[in-house]
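Colleague: Please take a close look at one part of this model, the place where the two chains meet. What is there to see?

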Amino acid sequence: MPLLKDKDRDLLKDKLAKELASPVKLVFFTQELECETCHIAGQLAQEVAALSDKIELVTYNFVVDKEPVAKYKIDKIPALVIEGDKDYGIRYYGMPSGYEFTSLIEDIVDVSRQSNRLSPKTKEALQKVTNPVHIQVFVTPT
Amino acid sequence: MRLAHQMAMEHDLITADMVEVQEFPFLAQKYNIYGVPKTVVNETVHFEGAVPEAVFLGKVLQAAEAKPEGEKK
């Protein structure tokens with residue numbers, strides 16, 4: 001059974017047809033065993049990729065595909081990377097449902113357009129960052 | 001979540017993870033997560049709740065200025 005309702009899928013298709021610019025790659029990491037939510041997160045990634053020709057889905061096995069796991073620095077699964085003209089460091093660990101699903105769609109649009117919606121003041125202030133910064137936002141399903 | 005990911009887009013040195021905490025209970029324990037959203041920046045700066053962009057920025061800059069773990073005296 002699909003996770004996205006027909007009506008939502010149609011709305012999202014329209015939105016992405018209007019808003020996407022460059023191609024976006026979803027890189028999904030999963031495994032068959034001992035990962036309760038990998039299957040459903042994988043299904044969601046497939047359904048999102050099916051919303052637009054500009055979205056490509058690549059799936060790797062967390063245990064077997066050691067090279068991409070190292071390249072994308074994936075340390076747990078299910079993991080989803082949103083990549084555009086480069087890897088911006090955007091990761092989703094676990095199932096992005098409810099409010100986080102909206103974030104996922106908006107992130108895909110931003111990456112595709114190579115732009116974000118931060119204020120000019122924030123963008124300027126961030127240029128001062130010279131050390132690596134790793135932000136983890138912990139959420140629960142909404 | 002959107003703020004963190006947009007900051008990751010803006011700067012090559014910034015990476016941002018959404019973590020669905022119920023799927024990773026060991027992290028809930030590690031970071032003492034009792035409420036969400038909870039944000040952890042570079043293991044050093046922790047805060048709870050959704051905050052305005054300027055406040056989020058302040059936390060990120062605070063963590064960026066702090067020396068990485070292991071370099072402290």
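Modeller: Two strands count as paired if DSSP finds at least two bridges between them. The model is a predicted one. By that criterion, strand 4 of chain A pairs with strand 1 of chain B (residues 14-20), in the parallel sense and over four bridges. Within this pairing, A:Arg91 has B:Asp17 as its bridge partner in strand 1 of chain B.

The contact between the chains involves 38 residues of chain A and 38 residues of chain B. On the chain A side, two or more residues each come from strand 4 (87-93), helix 4 (99-113), helix 5 (120-126) and strand 5 (133-139). Strand 5 of chain A gives the most, with seven residues. Sorted by class, the side of chain A that touches chain B holds 18 nonpolar, 11 polar and nine charged residues.

On the chain B side, helix 1 (residues 2-10) deserves a separate word. This helix of chain B is mostly covered, with eight of its nine residues buried. Among the buried ones are B:Leu3, B:His5, B:Met7 and B:Met9. The cover over the buried residues of helix 1 of chain B includes elements from both chains: strand 4, helix 4, helix 5 and strand 5 of chain A, along with strand 1 and helix 3 (53-65) of chain B.

Conventions: Residues are numbered from 1 along each chain as its sequence is written. Chains are lettered from A and ligands numbered from 1 in the order in which they are written. This is a predicted model: local features need pLDDT of at least 70, side-chain atom pairs count only at pLDDT 80 or more; totals for chains, interfaces and linings use all residues. Two residues are in contact if their C-beta atoms, placed from the backbone, lie within 7 Å. Ala, Val, Leu, Ile, Met, Phe, Trp, Tyr, Cys and Pro count as nonpolar, Asp, Glu, Lys and Arg as charged, and the others, Gly among them, as polar. A residue is buried if 20 or more other C-beta atoms lie within 10 Å of its own, exposed if 12 or fewer, and partly exposed in between; C-beta atoms are placed from the backbone.
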